[in-house]
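This report describes how the parts of a protein assembly are arranged and how they touch. Please keep the sequence and the structure in view while reading.

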Amino acid sequence: MSSTLQSRWWSWGFRSAVMLYFILLIVFPILGIYGYSLSAGLAAFTENITEPLAWKAVLLTVKLAFVSTMINVLIGTMAGWVLIRYRFPGRGLLNSLVDLPFALPTAVAGLMILLLLGPQSVVGQWAEQLGFSILFHQPAIVIAMVFVTFPFVIRAVQPLLEEMDGSEEEAAYTMGATKAKTFVRVILPAMLPGIASGAMLAFSRALAEFGAVVLVAGNIPGKTLIASVYIFGEIESDNITGATAVSVVLLTFSLLILWLVNYLQSRRKGV
Amino acid sequence: MHVEVRGLTKKFGEFPAVNDVHFSIAKGQLIGLLGPSGGGKTSILRMLAGLETPDSGDIVFHGTRVNDLPPQEREIGFVFQNYALFKHMTVQGNIAFGLEVKKWPKNRIKERVAELIELTGLSGFEKRYPHQLSGGQRQRVAFARALAPEPQLLLLDEPFAAIDAKIRQELRAWLREMIDRLGITSIFVTHDQDEAIEVADEIMIINKGNLEQKGSPWDIYKNPETPFVAGFIGESTIVEDVSTLRGFEQAADWPGTKALIRPEYVEIGQANEFRLLSATETGRVRHLHFRGSEWLVEVDVGASRLVTYRSLEKEVLHPGEEIQVLVHRAYLFNDNDSWIMENRLKEDPMPVHI
Amino acid sequence: MRRLWIGLTCVVFALLLGAPVVRIAIGAWSEGWEGFRHGLTRPEALHALGMTALIVVVVTVVNTAFGVLFSLYLVRAAWLRERMKRLLNSIVDLPFAVSPVIGGLMIVLLLGPETALGAMLERGGIQIAYALPGMILATLFVTFPLVIREVMPVLQEIGSQQEEAASTLGAYGWTTFWRVTWPSIRWSVVYGVVLTVARALGEFGAVLVVSGNIMFKTQTATTLVYQDVENFNLASANAVALVLAAGSVGLLLLMEWAKSRREG
C-alpha cells in the first residue's frame, strides 16, 4: 500500500511540475505581452501602432513575407515532386539538404547571403552594372526569407505525394487524360492541402524572421525596416511600449495563421 | 478464481458502453463473451482487468472487491486482440517480462520461460522478434506471456480475430485443451458465434451494453430468452405473419407478433418423404445454393420465404419445383414477450398403436 | 520533361543552399589560416562559444526531459480531459508563431530589472534579464515544441496496448516507461534532441534582446557574428560562422541518421 501511495505522490509531483513549467514558460509570457501592451490603455496602444514607421514596417513585412511564400510555393512544389517521384544520382543528398535552413543559425544564414550578394561579390557587381542593387534593398530581404522558410512547403508536400501510390494517376491515364491534365486535375489537388499548410507555416515564419534579415536588410526606416527589426530597434532605444504594440500586432497575425493551420489539419484528418 | 460482477456500468461520454451487468463465474470455467462489435464486450473485459474504471458496480475476485486495485495487483493475464507483444524484445524476453517485473529469481525465470515455450510449442523460436513470427506464433507468445506470472484469471480479447481462418480452427482446439490442462478461469471476447459455441463452457451474449443471456451454448441455442439472442445464434429467417403457415394458425391470436424460423426447424421434400403429410404444405423452390457439404434451399411458402438445408444424399431439387414443406417449430416474439411454438398438426391426431 | 524538372531542382538547390555554404567556407579562409585561427581564438570568440555551449547543454537537457513527460501526459494521461488536451496541444505550437525578438521581449517585460518580479529577484542577487538565466529562458521558450512535436505522433501511433500489457503483467509506470515505451520512442527523442540542439545553437533574435549582447558576459556565438558584421569585421565573423555552419551540417547528418533509425 505504501508503495502505491508513494507512487501517487510522485506522479502528482511530476504532473504539477510539468504543467507549471508549461504555464510559466509558454502561457504566462504570451499573456504578459498582451497585458502589458494594453496596460497603458487602448489610446496609447493605437497611438503606438498608428506611428507611420510602425505600420509601414508591419505592411512591408506582410508584403515581403507574402512574396517569399509565393516563391517557396513554386519552388517547394517542384522540389517536393522531383524528390519523391524521380530517381536520380544525388537525390538522397538533396533530400537531406532540404533541412539545412532549419539546422543553420539564422545569423549565419544572414551572413552567407550578405557575403554572396555584397557589392564586392560577383552577383552584386553584376546587379550594379544592370543598375539596381540587391543588398540592403527589398530583394535581399526576400532572399533571406525564402532561405529560412525553404523546407516548409517541401516537407508538407512530400508525405502527401508518398501516400499516393500512382494508381490514381494510372486511372486517369486509362481514361485518356494527358500527363499535363493528370497533373493539374489529379495530382495537384492531392498536393494542395500540403502546399496550403506548408505555405502558411512559411508565411508565419517569414513574418517572424529576424536573424537572417537584420544583417542583409539595411534597416532603413520606412523602406527596408521590417517589423521584427523595428521591434528590436524600439527595445534598443528603450521604447518598450512601442515595441510591445507592434509585437502584439505581429503576434496576433501569427497566432491566427497557426490556428488556421491547425484547423485545416484537423478538418483534413476528420474527413 | 471465482469472479463476481454486480451492477457494472460504464459510459463513454453519453454513450452507455456497459449497462448494469451482473454475472458470476465459477472457478476453472471458460466463458465466452459473445456479441456484435461495439456492444461492450471488450469494455467489460477491460474493467475486469483494471484497464478501465467502471462508473458504478462492483467487481469481486474470490470474495474481495478489486475495483480499487490497479491492473498490476489483480493477478490476471490479458491477451490483447493484436497481441501487443513488446516488439523490441525476443520471444523469450516477452515471456520473461512479467517475471522480471515481479522480481522472480533468475533461475526460476529461466525454468518458467522454458516450461512455457515447451507448452506453447515455440521451441526454436526463443530468440526471434515478434515481427519474425507468423500470426499463430505471435498469438501463442501472447498467451505464454500472459500465463507466465501464474495469473488466477486469464482474459482474452478477440484472441483469434487476426488469424487466418484455417489456422484459427487449430488454435481454438489448442487453446481449449491448454486451458483444460491448466484449469485456469478464463474469459474470452469474440464476435464469432462458432468460436464461442465450440470453445466455451458458457456463453454470455452481450448486446448494446446489456447482458442478454448467460448459459451453456446448447441452452442458449435451445431456449433463447430474447429475440436478439434467437437471431444472433444460429441462422434464421424472420416471418412477419406466421399464422399463414400451416400448423401455426393460432398465432393469429397475438397480433403484432413475428416469428423467427431456423433452417433446421424446416423440412422439405417430395410428398412421399413425409410420414405426416397433413402437417405439410406446398411450397416452391426458389434458389439452390451448393454449400460444399449440403444444399441450402430457399423456398417460397405463400408470402413467406424460408431457408433450409437438404442433404446431398437426397434427390436433387430444381428451382421452380413444387415440394412439400414442414415447419416443425417457430420462435415467436413481440415487444414484450417471446416463446416457442410447435407445429400443432405434427402431433398425430389419430395415433396408430402397433 | 523529367530532365528539365530534375535540372531545375538541382539548380535551385545549388543556388539557394549550396552557394551560401561554399561562400562562407571560402570567406573564412580569405585571410588564410592565420585569419581563421585568429577569428576563432580571440578571447571574446572563445567566451562566446563557451556561452553557446553552456546554453545548448542546459536547454537540451531541460527541454528533453520536460518535452518527453509533457508528450506522455498529452497523449496518455487519463486525468486530462480530451478538450483540455486539445487546447494544450495547440498552445504547444505557440513558440513557433512568436518571432524570436518578441520571445526575448517577453522575458525582458516580465523579468527585466524595471519589473516588480525582476527587481525582487535582483535584490536577492539573481539577475535574469541581461544575464545567463534570461538567455536560457529565452532559448527554452523557443525550443519548447521541438521534442514534443517529434515524440507525440509516435506515442499516438504505437498506441497504449503494449503499455497496458505491461501493466497487466505487473509493471508499474516507471518500469513500463523504461522497458516498453522508451525503446519505441527513443529515436524520435534523439531526433527532437538534435533539432533542439540546432535551434539552441543558432538562436539569435531572442538571445540578442534578452542578453543585451555584452562582450565577455552575455555574448553568444551568434550574437558575436552579428556584432562582427556590424563592425565590418567580416573575416572574423566568417570564422565563427563557419564553425557554427559546420556544427549545423554535422547536426544535419545526425538528423538523417536519427530519421533512418526511427524508420528502420
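## The two domains of chain C

Domain 1 of chain C and domain 2 of chain C bury about 590 Å² between them, and 77% of this area is on carbon and sulfur atoms. Buried area is the accessible area (1.4 Å probe) that two parts lose on being put together, summed over both. On the side of domain 1 of chain C, the residues that lose the most area to domain 2 of chain C are C:I24, C:A28 and C:W29, which together make up 77% of what that side buries. The model is a predicted one: local features need pLDDT of at least 70, side-chain atom pairs count only at pLDDT 80 or more, and totals for chains, interfaces and linings use all residues. Residues are numbered from 1 along each chain as its sequence is written, chains are lettered from A and ligands numbered from 1 in the order in which they are written, and side-chain values use heavy atoms, with hydrogens and water left out.

Where do the bounds of the domains of chain C lie? Domain 1 covers residues 1–30 and domain 2 covers residues 33–263, with bounds that come from an automatic or database domain assignment. The centres of domain 1 and domain 2 of chain C, taken over C-alpha atoms, are separated by 29 Å. Six residues of domain 1 of chain C are in contact with seven residues of domain 2 of chain C, where contact means heavy atoms within 4.5 Å.

The side of domain 1 of chain C that touches domain 2 of chain C has four nonpolar residues, two polar residues and no charged residues. In this classification, Ala, Val, Leu, Ile, Met, Phe, Trp, Tyr, Cys and Pro count as nonpolar, Asp, Glu, Lys and Arg as charged, and the others, Gly among them, as polar.

## The two domains of chain B

Chain B is assigned domain 1 (3–231) and domain 2 (237–346). Their C-alpha centres lie 39 Å apart. The contact involves nine residues from domain 1 of chain B and seven residues from domain 2 of chain B.

Together, domain 1 and domain 2 of chain B bury about 640 Å², of which 53% is on carbon and sulfur atoms. B:Y221, B:P227 and B:A230 supply 69% of the area that domain 1 of chain B buries against domain 2 of chain B, more than any other three residues.

## The interface of chain A and chain C

The size of an interface is often given as the accessible area lost when the parts come together. Chain A and chain C bury about 6500 Å² between them, with 85% of it on carbon and sulfur atoms. In chain A, the residues A:Y21, A:F22 and A:L115 lose the most area to chain C, together 10% of what that side buries. The contact takes 68 residues from chain A and 67 residues from chain C.

How many salt bridges does the rule find across the interface of chain A and chain C? The rule finds one. In a salt bridge, the side chains of A:D99 and C:K259 meet at 3.5 Å, N to O. Six residue pairs in polar contact (both at pLDDT 80 or more) are found across the interface of chain A and chain C. The side of chain A that touches chain C divides into 54 nonpolar, 10 polar and four charged residues.

How values were computed:
Salt bridge = Lys/Arg side-chain N within 4 Å of Asp/Glu carboxyl O. Polar contact = N/O pair within 3.5 Å; in protein donor to acceptor, adjacent residues only side chain to side chain.
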